[in-house]
Amino acid sequence: MKHSRFFRITLLTLLAATLMCVCALPVAAALREGSRGNEVKTVQQKLKAWGYYSGEVDGIFGPQTTAAVKSFQRKNGLAVDGVVGRETYAALGMAAPASSGSASYQNDINMLARMIAAEGRGEPYLGQVAIGAVVMNRVEHASFPNSIAGVLFQSGAFSALDDGQYASTSIPASCRRAAVEAYNGYDPTYGCIYYYNPAKTSNKFMLSRPVVLTIGGHVFCR
């Protein structure tokens, strides 16, 4: 009886340890409808070369790309969800991008979430994602530094750095979720690289930019 009880306790302990290890495994950043960027473009190029995709290779993960991914997944015996996760990346012959378990990923997310909190903690969730998307769009844009840190700390780029809010603001959970979504390519701004609050901005350059849309208290422009 004692041996049996000891065996059960040992088994439960091993099972708990295994689950902890599984939960700690890094998770690849997935691409899904709404994602944008070079990774999406590579997926589209591969799917087009293999006859799954007939749309434009534009780096925008829209409904046509989703349909092509589902068709590819169905043909290759994968879960048909239209999302390019670790298994679909592998089937496409692509290395998954930085995972949520890597130090560089966590550092990028923390910086992005802190800026979203400093500049948009009172904004609706979509507006918070949009702020993060502007940062990510700048990383991809030739006129800006090619890293999140470079974009955020570029001189004069964000008022939250100048007035100390970036350093002093705590990060709400919504801002961290928004940072992850923006990092993974969700862009509700359709490629905008600027935003401002029209009630607080008198900068002539910002006011001269063509406005694409308004979300909450910010307008987003190119």
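What share of the contacts in the chain with a separation of 6 or more comes from residues 24 or more positions apart? Hi everyone, let's start there: in this predicted model, such residues account for 58% of those contacts.

The chain has 11 helices and three strands. Reading from the N terminus, the order is α-α-α-α-α-α-α-α-α-α-β-α-β-β. The chain has 222 residues, and 39% of them count as buried.

Now let's look at one helix pair. Two packed helices are described by the angle between their axes and the distance between the axes. Helix 6 covers residues 125–140 and helix 10 covers residues 173–183; their axes come within 8 Å and cross at roughly 45 degrees. That angle makes helix 6 oblique to helix 10. The crossing is right-handed.

Who makes the contact? On helix 6, the residues are Tyr 125, Gln 128, Val 129, Gly 132, Ala 133 and Met 136. Helix 10 brings Ser 174, Cys 175, Arg 177, Ala 178, Glu 181, Ala 182 and Tyr 183. By class, that gives eight nonpolar, three polar and two charged residues.

You'll have spotted Cys 175 in that contact. Cys 175 is buried, with a relative accessible area of 0%. For anyone thinking about cysteines, the structure holds zero disulfides. Take Cys 221: the nearest cysteine sulfur belongs to Cys 192 and is 6.3 Å away, and Cys 221 is in no disulfide. Cys 221 is also buried, at a relative accessible area of 0%.

Note on methods: Residues are numbered from 1 along each chain as its sequence is written. This is a predicted model: local features need pLDDT of at least 70, side-chain atom pairs count only at pLDDT 80 or more; totals for chains, interfaces and linings use all residues. Side-chain values use heavy atoms; hydrogens and water are left out. Axes are lines fitted to C-alpha atoms, for helices over the stretch in contact, and angles run from 0 to 180 degrees between N-to-C directions. Helices (H or I, at least four residues) and strands (E, at least two) are DSSP runs, numbered from the N terminus. Angles under 35 degrees count as roughly parallel, over 145 as roughly antiparallel, 65 to 115 as roughly perpendicular and the rest as oblique. A crossing is left-handed if the near helix is turned anticlockwise from the far one by less than a right angle, and right-handed if clockwise. Contact means heavy atoms within 4.5 Å. Ala, Val, Leu, Ile, Met, Phe, Trp, Tyr, Cys and Pro count as nonpolar, Asp, Glu, Lys and Arg as charged, and the others, Gly among them, as polar. A disulfide is a pair of cysteine sulfur atoms within 2.5 Å. Buried means under 20% relative accessible area, exposed over 50%, partly exposed in between (1.4 Å probe, protein chains only).
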